[in-house]
Amino acid sequence: MLDDSGIMPLIDAELGLRPGPAGVPIRAVLVCLMVSIHNSGKATLAEAWRLAAHCLSASAREQLGLDPDRPHPDDPHACLADNRRFYRAFDRLTGLLDPARHDRRSRLPQHEADLLATAWEDDDPDHTRKRDLLQDIVTALVLTPVRWGKGRGYLAEFGGDVGIDTTAAPVFARPPRARRSTGELFASTEITAGWHHSAGNGPPEYGYSATLTVAARTRSVLGSFPQLALGLVLDTPHKRIGANAITTLKPLAALGFPTAFAVVDRAYTDQAADHFARPARALGFKLALDYKVDQRGVQGSAHGALLIDGSLACPLMPDRLARATNGLDDAAIRAPSDELTALIAAREPYLLRLKQSANANGNIRFQCPAAGTSPSVTCPRFDRLYQRGPSRPIAVDLTDARQRAAHIAAKPRVLTPAPDHKARDLPKICYQQTITLHPGDLGHLDKFRQDLPYLSPSWRGTYSTVRAMTEGLNGRLKGHDLDLGDPKNRLAHGRVAQTILVALLVTVANDHFLDVWRHTHQPPDEPDAPADIFEIPAEHLDRTPPTGRSRPPPIP
């Protein structure tokens with residue numbers, strides 16, 4: 001898996017030729033960390049070294065570039081020397097990718113730590129290159145099992161719906177604190193960490209925020225496929241939320257996946273339109289959003305059309321319908337009453353209809369609900385402007401529900417003011433049948449626009465289902481076997497180290513998810529793997545009994 005990810009050439013190119021002994025190969029350290037995660041759920045160097053030193057055969061150690069002779073367990077000096085070489089190899093990797101290298105064995109004064117932390121956010125070309133290289137390594141690792149699953153046909157039913165969320169990745173380091181004797185503030189050893197506040201009522205956690213993109217499905221999509229993590233970004237909590245989500249979405253096009261709905265919570269709705277909503281649409285995704293209490297109802301307008309809960313609507317929509325969600329708390333939204341459900345359903349005829357999807361420039365055309373050959377409302381203003389007279393009476397089969405619903409008498413009638421405005425004073429959507437919505441027409445309010453009517457059955461079938469799957473994957477990553485939420489499973493200091501260890505955890509988790517799905521859904525007569533998958537010779541397997549975690553022993 002590590003070799004197929006293609007990260008080792010990137011690391012070797014950055015490492016270059018260095019004088020002195022070669023030391024333990026970085027590849028061997030990463031392989032042992034992945035075996036440790038698979039076997040015990042721990043991404044700790046101590047556990048990885050124990051496996052490398054005492055659990056691998058001489059042949060397997062030689063394949064990894066390690067000394068075939070294991071350090072004798074009764075010789076503490078040999079074990080310590082071997083252990084230090086193992087740790088220094090990981091330090092070479094973290095130092096190589098760190099734009100702000102410093103000694104992490106002691107706390108720094110807060111002002112010095114703040115100066116170093118700017119290397120993770122500034123525009124220095126070398127810092128930017130190292131940050132991009134680290135993210136490329138993370139993306140390549142996480143997507144390797146995804147590519148395997150796609151190549152074997154496991155993701156054939158994936159329709160392109162994704163859920164995006166941030167979850168806490170707490171660290172073992174303590175937060176900043178003042179020295180009692182002098183009152184001087186000292187930073188944490190994790191200089192870019194912060195407090196991650198969840199949407200629930202739990203206490204905040206000190207560490208990093210992991211942005212995860214999850215392969216999901218809506219209720220209307222048939223078939224089954226494994227729910228995998230399709231992207232990962234580790235960052236300071238509550239910073240670059242929208243930009244990190246876009247970072248996880250960009251590589252999906254290269255894998256040939258379709259694009260459908262991107263479902264996010266209110267943290268992403270709050271992002272500036274240029275940080276999330278517009279780039280996500282430019283990548284081909286449609287949005288399903290939720291709103292805070294003060295963001296619901298009438299949000300703005302464009303070309304005279306009202307923006308109501310993310311959808312453009314007729315400017316003459318009844319006020320009771322337009323403000324149906326004003327002031328409602330989250331409990332009322334999650335479990336809507338019959339009255340609210342009826343009001344939401346009554347909104348739909350007044351919503352502008354999509355005339356033409358977005359072109360290369362992002363321009364979208366919408367049509368007045370009273371226009372076209374099958375209008376959803378009747379409007380005296382439209383009839384007056386376009387001199388549309390009463391239609392000829394036609395016979396209707398009253399036993400046919402479709403004919404009854406299509407009759408003009410069954411459609412809502414727009415109530416215009418009396419006397420009505422003159423044509424030159426009317427909104428643009430009224431004196432022409434269609435409008436073109438350009439990316440900047442709504443300004444900052446474009447972040448609220450979404451592609452499904454808020455709280456409608458279609459919105460609920462998409463939003464609720466995908467959000468449940470997103471939270472489900474977060475829960476599986478913080479479960480019994482693999483626990484991303486336990487900082488004791490990731491003891492190495494520094495943002496680079498934490499990023500790599502979290503990426504390895506998610507990569508191994510993706511491999512586990514694929515394995516579980518395959519055993520559940522693969523037909524019995526289907527081969528387990530393609531014929532060209534390398535198999536380890538039997539003489540290299542460790543036949544020791546399973547560990548206490550009921551997992552097989554590590555395979556060399």
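## A strand hairpin

Val298 stands opposite Ile308 in strand E10, and the two strands concerned, E9 (residues 298–302) and E10 (residues 305–308), run antiparallel and are joined by 4 bridges. Strands here are DSSP runs of E with at least two residues, helices are runs of H or I with at least four, and both are numbered from the N terminus; two strands pair if DSSP finds at least two bridges between them. E9 and E10 form a hairpin with 2 residues between them, and His303, in the turn, has a positive phi of about 55°.

This is a predicted model, in which local features need pLDDT of at least 70 and side-chain atom pairs count only at pLDDT 80 or more, whereas totals for chains, interfaces and linings use all residues. Residues are numbered from 1 along each chain as its sequence is written, and side-chain values use heavy atoms, with hydrogens and water left out.

## Gln299 in strand E9

Gln299 lies in strand E9 and is buried, with a relative accessible area of 11%, where buried means under 20% relative accessible area, exposed over 50% and partly exposed in between, for a 1.4 Å probe and protein chains only. A polar atom of the Gln299 side chain lies 2.8 Å from the backbone nitrogen of Gly310, and the backbone nitrogen of Asp309 lies 3.4 Å from a polar atom of that side chain.

Leaving aside neighbours within four places in sequence, Gln299 is in contact with residues including Tyr291, Leu307, Ile308, Leu445 and Phe448, contact being heavy atoms within 4.5 Å.

Arg281 lies in helix H11 (residues 277–282) and counts as buried because its relative accessibility is 18%. Beyond its neighbours within four places in sequence, Arg281 is in contact with Leu287, Asp446, Arg449 and Gln450.

Leu514 is found in helix H19 (residues 495–521) and is buried, with a relative accessible area of 5%. Apart from neighbours within four places in sequence, its contacts are Pro145, Gly149, Tyr154, Pro226 and Leu228. The C-alpha atoms of Leu514 and Asp123 are separated by 39 Å, and these residues are 391 apart along the chain.

## The second largest pocket

The second largest pocket has a volume of about 890 Å³. Of the 31 residues that line this pocket, Asp165, Ala199, Asp265, Arg467 and Glu471 are the closest to its centre. On a 1 Å grid over the protein atoms alone, a pocket is an open set of points with protein on both sides within 12 Å along at least five of seven lines, a cavity is a set where a 1.4 Å probe fits but cannot get out, and lining residues have an atom within 4 Å of a point. Grid points are joined across faces, edges and corners, and a volume is the space filled by probe spheres set on the points.

Strand E1 (162–170) and helices H10 (266–269), H13 (330–334) and H18 (457–477) each supply at least two lining residues, and H18 gives the most, with 8 residues. By class, the lining has 7 nonpolar, 10 polar and 14 charged residues; Ala, Val, Leu, Ile, Met, Phe, Trp, Tyr, Cys and Pro count as nonpolar, Asp, Glu, Lys and Arg as charged, and the others, Gly among them, as polar.

## The largest cavity

A search of the whole structure finds 5 cavities of 30 Å³ or more, and about 100 Å³ of space lies in the largest cavity. The largest cavity is lined by 13 residues, of which Cys314, Cys368, Cys379, Ile429 and Cys430 lie nearest its centre. Helix H15 (380–385) and helix H17 (428–431) are the elements that give two or more residues to this lining, which by class has 12 nonpolar, no polar and 1 charged residues.

Notes:
A polar contact is a pair of N or O atoms within 3.5 Å; within protein, one must be able to donate a hydrogen and the other to accept it, and residues adjacent in sequence count only if both atoms are side-chain atoms.
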